[in-house]
Amino acid sequence: METVIAVSHLQKQVLAAAANNNKETLNILADINLSIVAGTSVAITGTSGSGKSTLLGLLAGLDVPSAGRLALFRQDLTKLSEDQRAALRLGKVGFVFQSFHLLEHLTALENVLLPLELGKHSGDLKQVALAALEQVGLVARAQQLVTKLSGGEQQRVALARAFVTQPKLLFADEPTGNLDRHTGQEVAALLFRLQRDHQTTLVLVTHDESLAAQCDAWYRLMEGRLQRQEQAA
Ligand SMILES: Nc1ncnc2c1ncn2[C@@H]1O[C@H](COP(=O)(O)OP(=O)(O)O)[C@@H](O)[C@H]1O
Ligand SMILES: [Mg+2]
């Protein structure tokens, strides 16, 4: 089984503003150890401010750790430059965010086309993008400006955009956090279905423990450390 993410003794400290204009060191991540096998889904829960987004940023190579080892696709991220990390992400890593992060002046189709146009993809890109919108049930809305779509529909466009490049690894940071419960469950079901269909490795940050329980592994982030949670059989 291929290991997609391997992390040991990862730490993240930042200098944060403190009282009387002082700066103090904030220990966000103290000792993170984690190994994720290709094709599996891993949930990370934790209270607001516990460092979940910081951890995702490190795992994706968007940010650099203060200490520890971190390998993505067997490449030591701490030895790569920012450009090299971006190249490693390109086409291999997808993201879904709480607040959708769609380009508001573009249509659903144009949003899904964008990562194809930025990457080294050939063929009929429009057909590929439409097929991705089909998979999230939005082909009929392809020409709509995304601002005309509901929150749930916008997140489905974001899922189509994330999966259209067939990433090996997908990071989702509270993807249902801005949606009502029913819509959130629909979007989550779609996310899990796409993950299985594409055999994507999924790292899912969520507040929703019922979603976390559906993942292959579940960790709770507390005081800068991950604690494995028992999954219901
Ligand atoms: N660059 C930074 N400078 C100062 N504080 C930060 C920085 N990044 C994150 N933090 C703080 O670290 C903590 C963890 O943030 P975050 O990872 O966003 O938590 P979560 O996603 O679990 O809500 C928060 O208290 C946040 O304010
Ligand atoms: Mg967060």
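## Starting at E2

E2 is partly exposed, with a relative accessible area of 37%; here buried means under 20% relative accessible area, exposed over 50%, and partly exposed in between, using a 1.4 Å probe and protein chains only. This is a predicted model, in which local features need pLDDT of at least 70 and side-chain atom pairs count only at pLDDT 80 or more, while totals for chains, interfaces and linings use all residues. Residues are numbered from 1 along each chain as its sequence is written, chains are lettered from A and ligands numbered from 1 in the order in which they are written, and side-chain values use heavy atoms, with hydrogens and water left out.

E2 belongs to the segment before strand 1 (3-17). Helices (H or I, at least four residues) and strands (E, at least two) are DSSP runs, numbered from the N terminus. Leaving out residues up to four places away in sequence, E2 touches I36, V37, A38, F73 and R74, where contact means heavy atoms within 4.5 Å. From E2 to G39 the C-alpha to C-alpha distance is 8.9 Å, although they are 37 residues apart in sequence.

## T201 in strand 8

Now to T201, which is found in strand 8 (residues 201-205). T201 counts as buried, at 1% relative accessibility. Neighbours within four places in sequence aside, the contacts of T201 include V4, I36, V37, A38 and G39, and also K168, L169 and L170.

## Aromatic rings

Searching the whole structure turns up two aromatic pairs. Rings of Phe, Tyr and Trp (its six-membered ring) pair if their centres lie within 6.5 Å; planes under 30 degrees apart count as stacked, over 60 as edge-to-face and the rest as tilted. The F95 and F97 rings are stacked, because their centres are 5.9 Å apart and their planes lie at 10°. F95 and F171 are stacked as well, with ring centres 5.7 Å apart and planes at 25°. F95 sits in strand 6 (residues 93-97) and F171 in strand 7 (residues 169-173), so this pair ties together parts that are 76 residues apart in sequence.

Together, the ring pairs link F95, F97 and F171 into a cluster. Within it, F171 is buried at 1% relative accessible area, while F95 is partly exposed at 22% and F97 is partly exposed at 28%.

Another ring, that of F73, has the charged end of K92 sitting over it, 4.6 Å from the ring centre. For this, NZ of Lys or CZ of Arg must be within 6 Å of the ring centre and within 35 degrees of the ring normal.

## A hairpin

Strand 9 (residues 217-222) pairs with strand 10 (residues 225-228) in the antiparallel sense over four bridges; strands pair if DSSP finds at least two bridges between them. Y219 has R228 in strand 10 as its bridge partner. The two strands form a hairpin with two residues between them, and E223 in the turn has a positive phi of about 50°.

## Around ligand 1

Which residues surround ligand 1? They are V14, L26, I28, T47, S48, G49, S50, G51, K52, S53 and T54, with a heavy atom within 4 Å as the criterion for being near.

Some of these residues place N or O atoms by oxygen atoms of ligand 1. A backbone N or O atom of S50 is 3.3 Å from one, a side-chain N or O atom of K52 is 2.8 Å from one, and a polar side-chain atom of T54 is 2.5 Å from one.

Methods:
A polar contact is a pair of N or O atoms within 3.5 Å; within protein, one must be able to donate a hydrogen and the other to accept it, and residues adjacent in sequence count only if both atoms are side-chain atoms.
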